[in-house]
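Hi there,

Here is the structure I promised to pass on. Could you look it over with your modelling eye? My notes follow below it.

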Amino acid sequence: MSRYWSSLVDRLTPYVPGEQPQLANLVKLNTNENPYPPSSRVAAAIAAQLVDGGELLRLYPDPDAGLLKAAIAARFADCGIAAPQVFVGNGSDEVLAHVFMALLRQPLPILFPDITYSFYPVYCGLHDVAYATVALDDDFAIRVDDYAAANGGIIFPNPNAPTGCLLPLAAIASLAARHRQAVVVVDEAYVDFGGESAIALVNQHPNLLVVQTLSKAYSLAGLRVGYAVGHVDLIEALERVKNSFNSYPLDRLAIVGAVAAIADREHFETTRQAVIRSREALRGELLALAFEVLPSAANFVFVRHPRRDAAEIAAALRQRGIIVRYFKLPRIDQHLRITIGTDAQCASLIDALREILG
Ligand SMILES: *Cc1c(COP(=O)(O)O)cnc(C)c1O
């Protein structure tokens, strides 16, 4: 601790992101990035913003990112979503940070699964939110009946991370209906790889907020765009925090790039189907190597070998230039989370594992 730190900073335990080593020929399967490039319309839209030597960058962007909100509302028009029901932020991590401060900072503790996105407890620390964890069942599934305790809100990813397990939409509807006094937040970073979005439910449940990102299914982790969809009252709470924090979280390039990506439905469909196909093929090959593989609705698989130590497998893969994610945490310290790469990357992974397992 430095004498200049606030006591809050001294108490923080920051999130540790998956590493981003700058090594050539690395097979990077540790942070759930999409292995395919984004729509070519993204670079074209960004290039169009940069005409005349980038003269437009002289000006602040639209603080409301109106074009992007309209594009997101149009994307979910079949769910009856209008632009004032959309909040946008600098990646869904920023959106989530605002959610914790604006909606989840309540007298009662909030609830989330014991095995989940490890950023949630970090936001609780930053925003002074009390929480309790609810154990996943033995199959790593969320059981909505276990969330019966009085609470100040509930948050979980669907599909969950790092397990990849999906909770059906009916279970989310029942959870939101049973907890009308509190906000239920569904973090859908991976939903496009195998789930149905709860955005279809937000107009029936004024306490349901759905958060999505362009980082995974749209191959735009580097652009930093995320959003939340819900009742206008929930969105207004987020806008109040955002406008007390940073008026321009999305820059000009991010706004036009995100709009272009969302407009290209065909690219989105092709890429996500390719990832889903590779995931199912990889699952089969891992099962053949005696791994236990949880059924995944995400762009990663969560696996465990019954006879080999997970940390040792991760280290041996790393020596062969392949990085996967290992969490030294209770209940999952014998598991590995492996991002779905291209078919060539998946083949390298399987070759390496075959060698390591002997
Ligand atoms: C990747 C991820 C996010 C963050 O995505 P960004 O939009 O890149 O900030 C949020 N929630 C979960 C569960 C994730 O895995």
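First, a definition: on a 1 Å grid over the protein atoms alone, a pocket is an open set of points with protein on both sides within 12 Å along at least five of seven lines, whereas a cavity is a set of points where a 1.4 Å probe fits but cannot get out; lining residues have an atom within 4 Å of a point. A molecule sits in one of these if more than half of its atoms lie within 2 Å of its grid points. With that rule, the ligand takes up the space of the largest pocket.

Two notes on provenance. This is a predicted model, in which local features need pLDDT of at least 70 and side-chain atom pairs count only at pLDDT 80 or more, while totals for chains, interfaces and linings use all residues. Numbering starts from 1 along each chain as its sequence is written, and side-chain values use heavy atoms, with hydrogens and water left out.

**The ligand site**

Which residues surround the ligand? They are Gly91, Ser92, Asp93, Tyr117, Pro157, Asp187, Ala189, Tyr190, Thr213, Ser215, Lys216 and Arg224 (near here is a heavy atom within 4 Å). By class, this shell has 4 nonpolar, 4 polar and 4 charged residues (Ala, Val, Leu, Ile, Met, Phe, Trp, Tyr, Cys and Pro count as nonpolar, Asp, Glu, Lys and Arg as charged, and the others, Gly among them, as polar). Helix α5 (residues 91-104) supplies the largest share of the shell, 3 residues (helices are DSSP runs of H or I with at least four residues, strands are runs of E with at least two, and both are numbered from the N terminus).

- Tyr190: a polar side-chain atom lies 2.5 Å from a ligand oxygen.
- Arg224: an N or O atom of the side chain is 2.8 Å from a ligand oxygen.
- Asp93: a backbone N or O atom lies 3.0 Å from a ligand oxygen.

The protein buries 92% of the 390 Å² that the ligand exposes when taken alone (Shrake-Rupley areas with a 1.4 Å probe).

The largest pocket holds about 1100 Å³ of space (grid points are joined across faces, edges and corners, and a volume is the space filled by probe spheres set on the points). It is lined by 47 residues, and Tyr15, Val16, Tyr117, Ser118 and Arg325 are the closest to its centre. Two or more lining residues come from each of α5, β3 (110-113), α6 (119-127) and β4 (131-134). Helix α5 gives the most, with 4 residues. By class, the lining has 23 nonpolar, 13 polar and 11 charged residues.

**Enclosed space**

How many cavities of 30 Å³ or more are there? The count is 2. The largest has a volume of about 60 Å³, and its lining consists of Asp62, Pro63, Asp64, Ala65, Lys69, Phe87, Val88, Glu239, Lys242, Pro249, Leu250 and Ile255. Strand β2 (86-89) and helix α8 (232-242) are the elements that give two or more residues to that lining. It divides into 7 nonpolar, no polar and 5 charged residues.

The second largest cavity contains about 40 Å³ of space. Around it are Ser39, Ala217, Tyr218, Ala261, Asp264, His267 and Phe268, which divide into 4 nonpolar, 2 polar and 1 charged.

**Backbone points to check**

Most residues other than glycine have a negative phi, and most peptide bonds are trans. A cis peptide bond joins Asn158 and Pro159, with omega about -5 degrees, and another cis bond, with omega about 5 degrees, joins Ala161 and Pro162. Pro159 is in the loop between β5 (154-157) and α7 (169-178), and Pro162 is found in the loop between β5 and α7 too. Asp52, in helix α3 (residues 51-54), has a positive phi near 55 degrees.

Best wishes

Terms used: A polar contact is a pair of N or O atoms within 3.5 Å; within protein, one must be able to donate a hydrogen and the other to accept it, and residues adjacent in sequence count only if both atoms are side-chain atoms.
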